[in-house]
Amino acid sequence: MRKFILLLLFIIPIKSFSEPIIEIKDPWVRAVPPNMNMTAGYMTIVNSGTTDDYIIGVSSDISGMAEIHETIEENSIVKMRHVMKLKIPAGKTVKLQPGGYHIMFMNLKRKLKTGDKVNITIEFEKSGKKNITADVKISN
């Protein structure tokens with residue numbers, strides 16, 4: 001019995017260190033003209049854990065639909081592609097920024113102006129849902 005308890009004492013701490021540790025920094029959403037029906041959100045996501053995690057969903061109270069997109073260039077044409085699952089590697093930082101990965105908010109429910117706040121929920125495969133508040137601004 002004593003060996004079993006000692007074994008548990010070693011196993012439990014090891015498991016807790018093999019998880020992603022997600023931190024979201026500097027979130028912001030682009031202000032757009034009143035006639036625009038979509039906008040984009042940006043942030044820095046840090047995984048200081050020892051296991052990869054993945055963004056598997058995004059939602060917000062400002063839009064009917066939100067998705068992770070990647071800006072790509074094909075045949076000299078710039079376009080956006082929906083990303084079903086965005087990897088946040090262990091020990092790495094992933095930037096959602098103009099010209100790269102970003103959150104696309106479509107079917108806006110209200111007009112966004114500089115100084116507004118936006119509530120965003122990001123769902124991670126392992127870390128679950130993270131609720132954040134982003135500032136609306138013209139650029140970072």
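**A ring pair and its strands**

Reply: Tyrosine 42 is buried, because its relative accessible area is 6%, and the cut-off for buried is under 20%. The model is a predicted one, and the values that follow are computed from it.

The count of aromatic pairs comes to 1. Its members are tryptophan 28 and tyrosine 42, in a tilted arrangement with 4.7 Å from centre to centre and 40 degrees between the planes. Tryptophan 28 belongs to strand 1 and tyrosine 42 to strand 2, and the two residues are 14 apart, so the pair links distant parts of the chain. Tryptophan 28 also counts as buried, since its relative accessibility is 4%.

Strand 1 covers residues 22-30 and strand 2 covers residues 38-47; they run antiparallel to each other, with 6 bridges between them. Within this pairing, isoleucine 24 is placed opposite isoleucine 45 of strand 2. Strand 1 has another partner, strand 10 (residues 128-137), which pairs with strand 1 in the parallel sense over 3 bridges. There, arginine 30 stands opposite lysine 137 of strand 10.

Tyrosine 42 is also one of the residues touched by histidine 102. Histidine 102 sits in strand 8, which spans residues 101-108. With a relative accessible area of 3%, histidine 102 is buried. Leaving out residues up to four places away in sequence, its contacts also include Ala40, Gly41, His69, Met80 and Leu96. The side chain of histidine 102 also reaches the backbone oxygen of glycine 100, at 2.9 Å.

Isoleucine 88 lies in strand 6 (residues 86-88) and is buried, at 0% relative accessibility. Apart from neighbours within four places in sequence, isoleucine 88 is in contact with several residues, among them Ile22, Ile45, Asn47, Tyr54 and Phe124. Between the C-alpha atoms of isoleucine 88 and threonine 51 the distance is 9.1 Å, although 37 residues separate them in sequence.

Lysine 85 lies over the face of tyrosine 54, at 4.9 Å from the ring centre.

Note on methods:
Residues numbered from 1 in each chain as written. Predicted model: local features only at pLDDT ≥ 70, side-chain atom pairs only at ≥ 80, totals over all residues. Heavy atoms only, no water. Pairing = 2+ DSSP bridges. Helix = DSSP H or I, 4+ residues; strand = E, 2+ residues; numbered from the N terminus. Buried < 20%, exposed > 50% of the residue type's maximum accessible area, 1.4 Å probe, protein only. Polar contact = N/O pair within 3.5 Å; in protein donor to acceptor, adjacent residues only side chain to side chain. Contact = heavy atoms within 4.5 Å. Phe/Tyr/Trp six-rings, centres within 6.5 Å; stacked < 30°, edge-to-face > 60°. Lys NZ or Arg CZ within 6 Å of the ring centre and 35° of its normal.
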